[in-house]
Amino acid sequence: MNHRPKRRQFLKTAAAASAAVSVPYFYSTPKTLADETKSKNDRVAMGVIGAGGMAGGNMNSAKDWVDVVAVCDVDAGRRKSFNQRHSGGKAVESLDYRELLDRKDIDAVHIATPDHWHTKPLIEAMLAGKDVYCEKPLTLTIDEGKLIRKVQKETGCIVQVGTQQRSTFHLFAKAMAIVNEGRLGKIREVQAAIGGAPTSESIPVADVPSGLDWDRWLGPAPKVDYRYLPSEKNRGRGNSNCHYEFRWWYEYSGGKLTDWGAHHVDICNWALKLNGQSGGPLSIGGTADHPVEFKDGKPVMNDRYNTATAFLFNVMYPGGTKMIIRNDTDNGVLITGDKGKIFVNRGKLVGKPVEDLKDNPLPEDAIAKVYKNLPMEQNGRAAHWANFLHCAKERKEPISDVHTHMEMLNVCHLAGISARLGRELKWDDASEQIVGDSQANSMLARPYRSGYEIDMG
């Protein structure tokens, strides 16, 4: 077992100490993490791996509490721009994230790389004794999740997954409180509507942009050419197999099924667990449209986007409960129980059980209960960061821990495997294996390209 090395105390004083855990976030007293990190010595020294837009948004949310002291990215332009915006150019820049992990003065690490680059640095960061806030989806495969959970248990490192909807108190957490208070009764069906994905024309091979280390960007993924097709009149990002557009390629992502699925399937799974309906899935099947033909679960064309553009999956659970994952209706989560139903997304929480709160409000501590009785400071992404920093100091499990994340992400990955193979899958949740389908089971893992294997040393 790798024992966590001693390092500078995460925060010198209690996080949000005066906000009683039984009080909803909107009644919190003014004592906050920001008040307690005014001294430079009390601020968190953060290393950032992956310096794109997601990392930038996260650092904007965490700027009251953290100082970016090191930044790593394989794109020199992004690296420099991020350093200027979030550290005034004072952070140490590096091409190789392992230099960042070797530093003893870094308290925690933020990983905001493309999906295929999440697992390797996350595991190596934990083995280096670092607490980590890692963007979702945590893995590219189911087997990667098994290894992450194992290493997290062995090291005791605190890992927060960037599923910040769990820290949106007036919407998703409130919806979970309604479930937890029994206002919906037994849940019969949950639905995650996550929207479809784009297609592209043939994207030609192009010169690698100046400053981008393409081999390192590919990392564990197969060696291929860089591709880029400018958008009409050079507006927008254009089409590529890099940066933001990586999510439309199965080589680097699971498409919408893991991109938005990691948010809404997570809320569905959270509701089922809160309601005591915590058994894992039994089967998953449905239909999916792809922009290219597939053979043996692999795309036959390599010059255009290949993830599912439209889909409708039914996931069956013990007791007849069903989860629906679809693209063709209002983005959000619909939870249907034998006493009523609610719909929640990032803009609204509606349904008769919500309307009934006017005359029969939730108990004062209802949201705190579903939030693991942890302090609730701010809301949304900033609250998610406050939760991570508090849990890192107090050595507590954060609201988006790796174990519940992988429970739901397994469902997203299974949907992707079912989509690529075009058939229903039976799942043994205890062994985390697909039943009676050797080809599908072979897709629970992917080989790492030579030189980019996970360093378990």
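In the predicted model, helices α5 and α6 are roughly parallel to each other (an angle under 35 degrees; over 145 would be roughly antiparallel, 65 to 115 roughly perpendicular and the rest oblique). Helix α5 spans residues 119-127 and helix α6 residues 142-155, and the two pack at an angle of about 15 degrees with their axes 9 Å apart. Axes are lines fitted to C-alpha atoms over the stretch in contact, and angles run from 0 to 180 degrees between N-to-C directions. Helices are DSSP runs (H or I, at least four residues) numbered from the N terminus. On the α5 side, the contact (heavy atoms within 4.5 Å) is made by Thr119, Leu122, Ile123, Met126 and Leu127; α6 contributes Glu144, Leu147, Ile148, Val151, Gln152 and Thr155.

With a disulfide taken as a pair of cysteine sulfur atoms within 2.5 Å, the count is zero. For Cys134, the nearest cysteine sulfur is that of Cys157, 13 Å away. Cys134 is buried (under 20% relative accessible area; exposed is over 50%, partly exposed in between; 1.4 Å probe, protein chains only), at 0%. Cys412 is likewise in no disulfide, the sulfur of Cys268 being the nearest at 9.5 Å. Cys412 is buried as well, with a relative accessible area of 1%.

The average pLDDT (the predictor's confidence in each residue, from 0 to 100) is 92 for the chain, and 90% of the residues score at least 70. Residues 1-31 stay under 50, and the model has 75 contacts for them beyond four places in sequence.

Residues are numbered from 1 along each chain as its sequence is written, and side-chain values use heavy atoms, without hydrogens and water. As this is a predicted model, local features need pLDDT of at least 70 and side-chain atom pairs count only at pLDDT 80 or more, whereas totals for chains, interfaces and linings use all residues.
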